[in-house]
Amino acid sequence: MDYDDPLTEAEFATFRPNGEVVRYLEETRVRLGLQEHEMNVLDWGSGRGEYVAWLRDAGYNAFGAEIRKEAAERGKAVLQAHRHDYARVIVPISPSVETALPANFFHFVFTHYVLEHVADIDAVTREIARVTAPGGCGFHVYPGRLRPIEPHLFMPFVHWLPKNPTRKWAIAAFVACGIEPRWEWLAAATRDRKAQAYYDFCNNETFYRSFRDVRRSFTEKGFAVRPVSAEHPSLRRLHGLPSVLRKRLVEWPVMLFQTVEILVSKPQSRAA
């Protein structure tokens, strides 16, 4: 599977959404007392639209927002084949991180490994806050800042290094050792060309942040933020630990070195 290629029906047939996205979506729907078709859902950074197509097939009123037009269009054929109006359900994000989506509309907004590609996190959380309905929720998943293996390049520690020639040297060393993602469009490239391409991607398209930075950005827009990484089903056997121990021994290490999962909620509007 190559995300630079058009989404095919065969690929989409094997697509399975992140179980935690679906779990928190359903918890929000039940809490709000809505039917699936009444549940307005937004996939921010929807890429080729797999989540949008899957959710709409499942009966949700789902939409996608994507800043890269070419990425969104790679899923157009599958969305149309499933009788979803591509022009209506996939909305562009402008360079200033604004959309034409209605304010206070979405009951659930999620990002799935998107926030690490966002240069201006405050602009994103501002627009997410604008379109989220009062009482709505969001679920956001992104790599921990100190995850040992850079998840796009499969190289240890290169994203820990400053964005300068030191990082480029480390990337070139891993390429020389045969440790690389082997992107198809670089198959015939020289080692130097590959190292430069990986360096440019890592510098210009990845922005690893601490949980505190992301929490600050959402909190400033009026959201309540709750980390839920330690509540993942894979860690269920540790759920019996006292909360203080679980936070210190499970939650913080997981969020720092593996994956951050946060649930954000927008308060209900106060009656005049």
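In which strand is Gly138 found?

Mentor: Gly138 is found in strand 5, a strand that runs over residues 132–143. Helices (H or I, at least four residues) and strands (E, at least two) are DSSP runs numbered from the N terminus. The model is a predicted one, in which local features need pLDDT of at least 70 and side-chain atom pairs count only at pLDDT 80 or more, while totals for chains, interfaces and linings use all residues. Residues are numbered from 1 along each chain as its sequence is written, and side-chain values use heavy atoms, with hydrogens and water left out.

Let us begin with Gly138. Its relative accessible area is 1%, so Gly138 is buried (under 20%; exposed is over 50% and partly exposed lies in between, with a 1.4 Å probe and protein chains only). Leaving aside residues up to four places away in sequence, Gly138 touches Val109, Ile262, Leu263 and Val264, where contact means heavy atoms within 4.5 Å. The C-alpha atoms of Gly138 and Leu42 are separated by 9.2 Å, although these residues are 96 residues apart along the chain.

His140 lies in strand 5 as well. With 0% relative accessibility, His140 counts as buried. Under the rule that leaves out residues up to four places away in sequence, its list of contacts comprises Val109, Phe110, Thr111, Leu115, Ile128, Phe218, Val260, Glu261, Ile262 and Val264. The side chain of His140 also makes a polar contact of 2.9 Å with the side chain of Thr111. A polar contact is a pair of N or O atoms within 3.5 Å; within protein, one must be able to donate a hydrogen and the other to accept it, and residues adjacent in sequence count only if both atoms are side-chain atoms.

Ile128 belongs to helix 7, while Phe218 belongs to helix 10. Helix 7 covers residues 121–131 and helix 10 covers residues 211–220. Eight of the 11 residues of helix 7 are buried, so the rest of the structure largely encloses this helix. These buried residues are Ile121, Ala123, Val124, Thr125, Glu127, Ile128, Ala129 and Val131. They pack against strand 1 (40–44), strand 4 (106–112), strand 5 and helix 10.

How do helix 7 and helix 10 meet? Their axes come within 9 Å and cross at roughly 40 degrees. Axes are lines fitted to C-alpha atoms, for helices over the stretch in contact, and angles run from 0 to 180 degrees between N-to-C directions. Helix 7 and helix 10 are therefore oblique to each other, since angles under 35 degrees count as roughly parallel, over 145 as roughly antiparallel, 65 to 115 as roughly perpendicular and the rest as oblique. From helix 7, Ile121, Asp122, Thr125 and Ile128 meet Arg216, Ser217, Phe218 and Glu220 of helix 10. The residues of this contact divide into three nonpolar, two polar and three charged. Here Ala, Val, Leu, Ile, Met, Phe, Trp, Tyr, Cys and Pro count as nonpolar, Asp, Glu, Lys and Arg as charged, and the others, Gly among them, as polar.

The loop between strand 4 and helix 7 holds Tyr113. The phi of Tyr113 is near 55 degrees, a positive value in a residue other than glycine. Most residues other than glycine have a negative phi. Tyr113 counts as partly exposed, its relative accessibility being 30%. Asn104 is found in the loop between strand 3 (90–92) and strand 4. Its phi, too, is positive, near 55 degrees, and Asn104 counts as partly exposed at 44% relative accessibility.

Finally, consider another enclosed helix. Helix 3 (residues 50–57) has six of its eight residues buried, so it is largely enclosed by the rest of the structure. Those residues are Glu50, Tyr51, Val52, Ala53, Leu55 and Arg56. Helix 3 is followed by Gly59, which has a positive phi near 105 degrees. Glu11 has its place in helix 1 (residues 9–13), and it is buried at a relative accessible area of 19%.
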